[in-house]
Amino acid sequence: MPAITRINPPELGTPPGYSQIVEVAASRIVFIAGQTALDADGHVVGKSDFAAQATQVFSNLAIALRASGCTAADLVKLTVFLTDMGNLALYRQARNRFFASVTPPAAPAVTLVEVSKLYGPDFMIEIEAIAAA
């Protein structure tokens with residue numbers, strides 16, 4: 001099992017749902033490519049529906065984690081790309097559902113940015129991840 005320590009110095013404030021610092025001692029580091037709202041057949045799920053896309057992205061992330069022998073508890077870093085920061089609340093709802101069933105609780109370090117577009121014209125969110133195992 002990796003040793004994952006989440007640190008939130010009071011001088012940096014209390015982050016909502018993530019950690020300012022994640023320290024890791026692990027035997028494996030797993031890098032997961034950016035996950036989008038594609039289903040197993042390569043079709044976009046939730047065209048023009050951010051909530052549906054976010055749910056699919058986290059579902060795809062869970063599949064990638066399982067394939068590498070990890071769970072959401074092993075996530076140490078997420079990079080989240082949104083095409084509209086107006087969807088931040090919906091992203092946080094999907095993220096909170098994703099992490100709600102994780103024991104011990106996980107709060108990876110997160111970078112979240114708005115971008116003008118993603119690689120497909122219908123994508124509204126993409127998440128890449130790093131896990132430690």
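Is asparagine 60 buried or exposed at 10% relative accessibility? Asparagine 60 counts as buried, because its relative accessibility is 10%, where buried means under 20% relative accessible area, exposed means over 50%, and partly exposed lies in between, with a 1.4 Å probe and protein chains only.

Before I go on, please keep in mind that this is a predicted model, in which local features need pLDDT of at least 70 and side-chain atom pairs count only at pLDDT 80 or more, while totals for chains, interfaces and linings use all residues. Residues are numbered from 1 along each chain as its sequence is written, and side-chain values use heavy atoms, with hydrogens and water left out.

Asparagine 60 sits in helix H1, and if we leave aside its neighbours within four places in sequence, it is in contact with Gln35, Thr36 and Leu38, contact meaning heavy atoms within 4.5 Å. Helices here are DSSP runs of H or I with at least four residues, strands are runs of E with at least two, and both are numbered from the N terminus.

Let me turn to helix H1 as a whole. H1 has 18 residues and reaches 26 Å from its first C-alpha to its last, close to the 26 Å expected at 1.5 Å a residue, the expected span being 1.5 Å times one less than the number of residues. At its N-terminal end, H1 is capped by aspartate 49, which has a side-chain oxygen 3.3 Å from the backbone nitrogen of alanine 51, and H1 is followed by glycine 69, whose phi is positive, near 75°. The buried residues of H1, among them Phe50, Val57 and Leu65, pack against strand S3 (29-35), strand S4 (75-82), H2 and strand S6 (125-132).

Now for the pairing with H2. Two packed helices are described by the angle between their axes and the distance between the axes. The axes of H1 (residues 50-67) and H2 (residues 88-100) come within 9 Å and cross at roughly 35°; these axes are lines fitted to C-alpha atoms over the stretch in contact, and angles run from 0 to 180 degrees between N-to-C directions. The contact includes Phe58 and Leu61 of H1, and Tyr91 and Phe98 of H2.

Technical notes:
Polar contact = N/O pair within 3.5 Å; in protein donor to acceptor, adjacent residues only side chain to side chain.
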